Amino acid sequence: MIPELTRITFTSHGANLEQAPRYTGVYRFFDAQGNLLYVGKSVDIKARLQQHFLEARKPGRHQRIMLQVSTIDCTATAGEVGALLMENAAIKAETPLYNRRQRRLRKLWTLQLRHANNGFLQPHATDFLPDAERTADSYGLFQNPRHIDSSLRRHARDHGLCLRMLGLDKGRGPCFQFQLGRCDGACAGEESSDDHNARLLSVLDRDRIAAWPFSGALALRELNTQPLPDQPSEQYHWVEHWAYLGSFDSLSTLQGASAGSGQRYFDRDAYHLLLSALRKGRLTLLDASSGHELDNPLLRQGSRS
């Protein structure tokens, strides 16, 4: 769901390119029949469009794209975070012909960790439901459980983890990998559950999908203290359980939309964009319902993924 914002539409030929805005935002290329060719973003749309046309002077894919462009449509955002979120959502929802990346993913699996009776954390494959609430950390996105199993076995081999303690190898006593010197000895009593668990978490942390640390939906306010003509001075990004639900030019407009039936859909690219922005403190966090400002717990997590 991407609500309509103020737009400028102009032809891409000749001197009309001078009509292009210099603000931050998202742009779309259309052919003469109105088919969407490409979606992009820039902190200076006019400069980026000029670059597109400069690159199109050379024969190749870029030239083929630009020769089809008949109209260019621009959407202003208050800042770069909004442009990144909007571009990503538009590519997923509108499927432009020439955007090769960031397509919406099909059904996926992930893994979650549970404590076994012996105190060791064990991974379990589970469906990754795109519209579910993110109440617990999960790790990685996989095409099927077989890929999870092979990934865990690779991590165990590379980092001395014990397949038996991970629940991937049956039996008693030291495991076969320990006899080969590939297990650090959790199964032989030479490594504690705390040490083994810490190393497992460290290995998996790069692919961690964090639990949603808030009680409800957020309105993320992005400010622009020096907006250009036709550019909003502030924007509110509606986010719930890491799902981006749209950008609005006022909190009241967001609240009106949130009273409806916005479809929540987790997207890995949007998750990383939001996580990075929140950890860098680039947005003000507001409770979407009350408008009250909230503390940002992610500022305290440093560069952790």
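Four strands form an open sheet in the order β11-β10-β9-β12, and the pairing is antiparallel. At the edges stand β11 (243-248) and β12 (284-287); each has a single partner strand, so one side of each is left without a neighbour in the sheet. On average, neighbouring strands here are turned by 30 degrees against each other, with direction ignored. Before I go on, please keep in mind that this is a predicted model.

Strand β9, residues 218-223, pairs with β12 in the antiparallel sense, over 4 bridges. If you want a place to look, find R221, which stands opposite T284 in β12.

Which helix packs on this sheet? That is helix α7, residues 251-258, and it touches β9, β10 (234-240), β11 and β12. The direction of α7 makes about 25 degrees with that of β10.

Now the other sheet on my list. Here, 4 strands form an open sheet in the order β6-β5-β7-β8, and the pairing is antiparallel. The edge strands are β6 (121-128) and β8 (208-209), each of which pairs on one side only. Inside that order, strand β5 (residues 108-115) is joined to strand β7 (residues 138-142) by 2 bridges, and the two run antiparallel.

Next, a pocket. The second largest pocket has a volume of about 160 Å³. Which strand gives the most to its lining? The answer is β6, with 3 residues. Both β5 and β6 supply at least two residues each.

Last, two helices. The axes of helix α3 (residues 80-94) and helix α8 (residues 268-279) come within 10 Å and cross at roughly 175 degrees. Because of that angle, α3 is roughly antiparallel to α8. Which residues make the contact? From α3 there are V81, L84, L85, N88 and K92, and from α8 there are D269, A270, L273, L274 and A277. Sorted by class, this contact has 7 nonpolar, 1 polar and 2 charged residues.

To recap the two sheets: one has the order β11-β10-β9-β12, with α7 packed on it.

Definitions and conventions
Residues numbered from 1 in each chain as written. Predicted model: local features only at pLDDT ≥ 70, side-chain atom pairs only at ≥ 80, totals over all residues. Heavy atoms only, no water. Pairing = 2+ DSSP bridges. 1 Å grid on protein atoms, 1.4 Å probe; cavity = no way out; pocket = protein on both sides within 12 Å on 5 of 7 lines; lining within 4 Å. Points joined across faces, edges and corners; volume = space filled by probe spheres on them. Axes fitted to C-alpha atoms, helices over the stretch in contact; angles between N-to-C directions. Parallel < 35°, antiparallel > 145°, perpendicular 65-115°, else oblique. Contact = heavy atoms within 4.5 Å. Nonpolar A, V, L, I, M, F, W, Y, C, P; charged D, E, K, R; others polar.
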